[in-house]
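Good morning. I will take a few minutes on one structure, starting with its pockets and ending with the chain as a whole.

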Amino acid sequence: CGSGGTAAGITVGMGLAFESEIFQSKPIVHAMGVCDSPDYFYNYVAGIADEMGLVVVDGMTTEDYIRKNMIAHQGKGLGYAASTPEELDFISTLALETGVVLDPVYSGKALYHFFTTVLEGDEAESYRGKNILFWHTGGALGMFDKADDLLSTM
């Protein structure tokens, strides 16, 4: 997540949609923070949820509700709009092999870090056989600054 707006909307929507006891399980929202720490994003997304008018019950704070319904991961890498050669190679390889083009500022960096920290991390086995949806939010304008770097990986 860059600004946190998409993460807030998806997290609140999923939390409210799966609130009922009729569901045996609910999807887990994972947000990759590409420009700050996970704690920053929990707090920031909670602020957006408050602005959306979310009313939390059971004495829980809005941030507690967000933490219950979303896991924020560190995906900052070198920092905002700064890419490592590994991130750029991942983005280029993904585009060449699948036709899915991701920008290096937000979506590409987020998916790279989701793969390397979540799907290849200590809990990777818990994701085997699961359905995973990656929400690609665009970011094509972020490609212009990195065009030469991306071309050098091909």
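**Pockets, a helix pair and the overall chain**

Three elements, α1 (5–17), β1 (29–33) and α5 (107–119), each give at least two residues to the lining of the largest pocket. Before I go further, please keep in mind that this is a predicted model.

Which element supplies the largest share of that lining? That is α1, with five residues. The pocket holds about 1000 Å³ of space. Its lining has 33 residues, and those nearest the centre are Ile 28, Val 29, His 30, Leu 133 and Trp 135. Sorted by class, the lining of the largest pocket comes to 19 nonpolar, eleven polar and three charged residues.

Now the second largest pocket. Its volume is about 270 Å³. Here 18 residues form the lining, and Gly 15, Glu 19, Tyr 65, Lys 68 and Asn 69 are the closest to the centre. Two elements, α1 and α3 (62–69), each contribute at least two residues to the lining of this second pocket. The largest share comes from α3, which gives three residues. By class, the lining of the second largest pocket splits into nine nonpolar, four polar and five charged residues. How do α4 and α5 pack against each other? Helix α4, residues 85–98, meets α5 at an angle of about 100 degrees, and the two axes are 9 Å apart. Angles of 65 to 115 degrees count as roughly perpendicular, so α4 and α5 are roughly perpendicular to each other. On the α4 side, the residues in contact are Glu 86, Glu 87, Phe 90, Ile 91 and Leu 94. On the α5 side, they are Gly 108, Lys 109, Leu 111, Tyr 112, His 113 and Phe 115. Taken by class, this contact has six nonpolar, two polar and three charged residues.

Last, the whole chain. The secondary structure amounts to six helices and two strands. Read from the N terminus, the order of elements is α-β-α-α-β-α-α-α. How much of the chain is buried? Of its 154 residues, 35% are buried. As for contacts between residues at least 6 apart in sequence, 72% join residues at least 24 apart.

That is the end of my part.

How values were computed:
Residues are numbered from 1 along each chain as its sequence is written. This is a predicted model: local features need pLDDT of at least 70, side-chain atom pairs count only at pLDDT 80 or more; totals for chains, interfaces and linings use all residues. Side-chain values use heavy atoms; hydrogens and water are left out. On a 1 Å grid over the protein atoms alone, a cavity is a set of points where a 1.4 Å probe fits but cannot get out, and a pocket is an open set with protein on both sides within 12 Å along at least five of seven lines; lining residues have an atom within 4 Å of a point. Grid points are joined across faces, edges and corners, and a volume is the space filled by probe spheres set on the points. Helices (H or I, at least four residues) and strands (E, at least two) are DSSP runs, numbered from the N terminus. Ala, Val, Leu, Ile, Met, Phe, Trp, Tyr, Cys and Pro count as nonpolar, Asp, Glu, Lys and Arg as charged, and the others, Gly among them, as polar. Axes are lines fitted to C-alpha atoms, for helices over the stretch in contact, and angles run from 0 to 180 degrees between N-to-C directions. Angles under 35 degrees count as roughly parallel, over 145 as roughly antiparallel, 65 to 115 as roughly perpendicular and the rest as oblique. Contact means heavy atoms within 4.5 Å. Buried means under 20% relative accessible area, exposed over 50%, partly exposed in between (1.4 Å probe, protein chains only).
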